Amino acid sequence: MAAETSSATLSPIKTVVVLVQENRSFDHMLGWFKTLNPEIDGVTGSESNPISTSDPNSTQVNFQDKAGYVDPDPGHSFQAIYEQVSGKTWDTNNPDPNPEIKMNGFVQNAERTKPGLSETVMNGFKPEAVPVFKELVTEFAVCDRWFASLPASTQPNRLYVHSATSHGAMSNNTQQLIEGFPQKTIFESLEENGFSFGIYYQSFPSTAFYRNLRQLKYVDNFHQYDLSFKRHCEKGKLPNYVVIEPRYFDILTAAANDDHPSHDVSEGQKLVKEIYEALRSSPQWNEILLLVIYDEHGGFYDHVPTPTGVPSPDDLVGPEPYYFKFDRLGCRVPAIMVSPWIERGTVLHRPSGPDPTSEFEHSSIAATLKKIFNLKEFLTKRDAWAGSFDIVVNRSSPRTDCPEKLPEPVKMRDTDAKETAKLSDFQEELVQAAAVLKGDHLKDIYPFKLVENMTVSAGLKYVEDAFKKFYDDGKKAKEINGAEDSVPADAPTRTTTKTFMQKVFSCLICDH
């Protein structure tokens, strides 16, 4: 992306913290918060979807406020989302890439997925059911017009979070996982401009999808959340950009806290509470901006039409049979912003620029970091277009009345974690990415036989072991090659033979 001229901003924010949760729409999580603040574009209870979009006399299913523990998982593939937002099923033989957006196909798609699932899809949480969010929205800011970057599932949307593109991916791409997604990320931009970053992971970092983050020099940027996050907060050692990855696997001894169905949302609330309280007690508090978003809507209802006519980040086109041009956004997702520099009860709607059509979406993270830290370049045409949320900093001095503690969430799930269940699609992708770090992508079992009969508990052990080996061998390789960050991953060692992981580091960043 060509360099853009930018004047330095005098932002009081020195550390941006980002947590990306899983698979919930705005209306599902925060729609009923309109009862707390009428300025929020939420729900009133009059919203509905027909059981059949082709039947003008179809029964309507109204949106209600009875959300709780969710199982099973609603559909959120490209095809499912197409039907949810347009009311039409995707026809491979007669595709319509630019359907009219009506937001009227959620019930129809849910019932096609599983009879009775529409009741789950058409329900949202009462504010008191998600007390941590209730406190944060009341005390700080909510954005009611933040969209997923494309109408697709988790992996491509998470790629946009740090690179403003999915490099043409619309779903899981196992070949690209082997090579690593090659696009430049915001991590390299920060490093090039003299700023620091840290990734605090709990089981496996999805940021390992990016090829560049597999480089040897970035090994020290990965931190185990449980061991490091609170300690870094206490010591005032948080880097300029902090990425917190939730726990994606649900087991009896450590419940998942990413909010992906069928995981208990109360565990996600606990995680946000823990993060906030650690930041609030940090000596860096007056320099921090925390953003909590969700990667995509997960098939849950939202009433706001998804924007169309948005710029493709890099003019890549998705694979057959969709040939998606990356010119439509996905559904709205929750977005909560926290800082002592934010007035109580702030609501962000759509941005005022840089383009008349600009919206808040995941590429807004890169756009905002560029503005706050005066970075030299945009990553793609998408973050150059996306709205910057630094406008949420709307005070001339930091508040001194921010709560030190948040409410305790109440457990929603009555049953134990299903650690013997099959892996979800995203969990399979994490295992497949871990297999590359472990070298198992060279085996006949990769990619599908590897995950075919794998349970959640087995998947967790696999990804933890793979990343631990990757991390430990990376640290050893850095010691052998010298401690300088500038040492390339494929530099010759001072020993006569390379370790397996040194070879892997060399291979993982090659172009082949």
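Reader: What makes the pair Arg158 and Glu22 a salt bridge?

Author: The closest N and O atoms of Arg158 and Glu22 are 2.8 Å apart. A salt bridge is a side-chain nitrogen of Lys or Arg within 4 Å of a carboxyl oxygen of Asp or Glu, so the term applies. The pair links distant parts of the chain, 136 residues apart: Arg158 is in helix α6 (residues 154–163), and Glu22 is in the loop between β1 (15–21) and α1 (26–30). Helices (H or I, at least four residues) and strands (E, at least two) are DSSP runs, numbered from the N terminus. Both Arg158 and Glu22 are buried. The structure holds 31 salt bridges.

Reader: What kind of model is this, and how are residues and atoms treated?

Author: This is a predicted model, in which local features need pLDDT of at least 70 and side-chain atom pairs count only at pLDDT 80 or more, while totals for chains, interfaces and linings use all residues. Residues are numbered from 1 along each chain as its sequence is written, and side-chain values use heavy atoms, with hydrogens and water left out.

Reader: Why are Arg332 and Asp27 called buried?

Author: Buried means under 20% relative accessible area, exposed over 50%, and partly exposed in between (1.4 Å probe, protein chains only). Arg332 has a relative accessible area of 0%, so Arg332 is buried. Asp27 also has 0%, so Asp27 is buried. Their side chains meet in a salt bridge (2.8 Å, N to O). Arg332 lies in the loop between β9 and β10 and Asp27 in helix α1, so this pair ties together parts that are 305 residues apart in sequence.

Reader: Why are Arg395 and Glu343 given another class of accessibility?

Author: Arg395 is at 25% relative accessibility, and therefore counts as partly exposed. Glu343 has a relative accessible area of 36%, so Glu343 is partly exposed. The two form a salt bridge, with the closest N and O atoms 3.3 Å apart. Arg395 is in the loop between α12 (381–385) and α13, and Glu343 is in the loop between β10 and β11 (346–348), so the pair ties together parts 52 residues apart in sequence.

Reader: Why are α5 and α10 called oblique?

Author: The axes of helix α5 (residues 131–139) and helix α10 (residues 265–280) come within 8 Å and cross at roughly 45 degrees. Axes are lines fitted to C-alpha atoms, for helices over the stretch in contact, and angles run from 0 to 180 degrees between N-to-C directions. Angles under 35 degrees count as roughly parallel, over 145 as roughly antiparallel, 65 to 115 as roughly perpendicular and the rest as oblique. The helices α5 and α10 are therefore oblique to each other. Pro131, Val132, Phe133 and Leu136 in α5 meet Gln269, Val272, Lys273 and Tyr276 in α10.

Reader: What makes a group of residues a nonpolar core, and which residues have the most contacts inside the largest?

Author: A nonpolar core is a set of buried Ala, Val, Leu, Ile, Met, Phe, Trp, Tyr and Cys residues joined through side-chain atoms within 4.5 Å. The largest has 111 residues, and those with the most contacts inside it are Phe133, Trp146, Phe229, Tyr241, Leu279, Met337 and Ile365. Helix α13 (residues 425–438) gives the most to this core, with eight residues. A second, separate core of 16 residues includes Val43, Phe63, Val85 and Tyr301.

Notes. Contact = heavy atoms within 4.5 Å.
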